[in-house]
Structure formats: C-alpha cells, structure tokens
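I am opening a notebook on this structure. The entries below record what I looked up and what I found.

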Amino acid sequence: MKNIIIGILSLAFIIAIIGCSEEEDPKFRIRNDRADKANVQIQTTGGNTININDVEAGQTTAFQTAAQGNVTATTVIQNESVSPAVSFYAEKGTRYTIVIQIGNPPVLRVDRE
C-alpha cells in the first residue's frame, strides 16, 4: 500500500513539472500585400539570421521559430529601390506576422497574435 501511495505522488510530481515547462520561442511569418515578390531577412539577438526568400504577391509564409529578443526585419522588394525595415522585441510564447504593406514608399508592419 505504501508503494502505491509513493507511486501516485511521484506521478503527480512528474505531471506538475511537465505542466510548468517554459513557453515556446517566438514564431514569425511574412505576409506580402504588395504586387511584387519580396525577400525578407530577419536578424535576431545573438546575430542569428533567418532569410525568407521569394515571398510572392499575396502570399503568407509558414511560421518559423527564432530566439526571444530584439529583432530587425529588412525587406528587399522586386522593382523597388527602397528596402523597408522594422525593429521590435520578440517575446516567448508569441506569434508575429511581418506585413509588407501597400504604399509608396513601402513599409513593414508587425502584427502580434
């Protein structure tokens, strides 16, 4: 009987530890609202870089994971001389959509989900 109680308490302890695990890293995706293809470079804290190339007009990419911290996204748009950029702080457990907006000059907007 004593072993059963110890087993149940051990199982409850393990479940409690698993339930308190850390939040997941931030996730990013790109949405291109412009009429031309774009390449996006995402630089994160620690010098890591994620390149998302050939984002077609009207396309939204799949989410990608990066480290928590300061993020700078820079976009090169086909047929444009301006390369818009945006900087923000990415938090764990949060998803972000970086939107390449229609306008002249082109700008980036960050939507937090």
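Which residue in strand 7 is the bridge partner of Phe-28? I looked it up and found Tyr-96. Before going on I noted that the model is predicted, that local features need pLDDT of at least 70, that side-chain atom pairs count only at pLDDT 80 or more, and that totals for chains, interfaces and linings use all residues. Residues are numbered from 1 along each chain as its sequence is written, and side-chain values use heavy atoms, with hydrogens and water left out.

**Entry: the sheet**

I read helices (H or I, at least four residues) and strands (E, at least two) as DSSP runs, numbered from the N terminus. Two strands pair if DSSP finds at least two bridges between them. Strand 1 (residues 27-32) and strand 7 (residues 95-101) run parallel and are joined by six bridges. I then looked up the sheet: four strands form it in the order 4-1-7-8, it is open, and its pairing is mixed. Strand 4 (64-65) and strand 8 (107-112) are its edge strands, each pairing on one side only.

**Entry: salt bridges**

How many salt bridges does a search of the whole structure find? It finds nine, where a salt bridge is a side-chain nitrogen of Lys or Arg within 4 Å of a carboxyl oxygen of Asp or Glu. I looked at several of them.

Lys-92 and Asp-25 meet through their side chains at 2.8 Å, N to O. This pair links distant parts of the chain, 67 residues apart: Lys-92 is in the loop between strand 6 (85-90) and strand 7, and Asp-25 is in the loop between helix 1 (2-19) and strand 1. For accessibility I used these classes: buried is under 20% relative accessible area, exposed is over 50%, and partly exposed is in between (1.4 Å probe, protein chains only). Lys-92 is partly exposed at 28%, and Asp-25 is partly exposed at 30%.

Glu-91 forms a salt bridge with Arg-112, with the closest N and O atoms 2.9 Å apart. Glu-91 lies in the loop between strand 6 and strand 7 and Arg-112 in strand 8, so the pair ties together parts that are 21 residues apart in sequence. Glu-91 is partly exposed at 32%, whereas Arg-112 is exposed at 53%.

Arg-95 forms a salt bridge with Glu-113, and here the closest N and O atoms are 3.9 Å apart. Arg-95 is in strand 7 and Glu-113 in the segment after strand 8, 18 residues apart. Arg-95 has a relative accessible area of 38% and is partly exposed; Glu-113, at 46%, is partly exposed. Salt bridges with shared partners join Arg-29, Arg-95 and Glu-113 into one network.

**Entry: two single residues**

Is Val-86 buried or exposed? Val-86 counts as buried because its relative accessible area is 17%. I found Val-86 in strand 6. Contact means heavy atoms within 4.5 Å. Leaving aside neighbours within four places in sequence, Val-86 is in contact with Val-71, Thr-72, Ala-73, Leu-108 and Val-110. Val-86 and Thr-74 are twelve residues apart in sequence and 6.7 Å apart in space, C-alpha to C-alpha.

Thr-44 is buried, at 8% relative accessibility. Residues up to four places away in sequence not counted, Thr-44 touches Ala-66, Asn-70 and Val-71.
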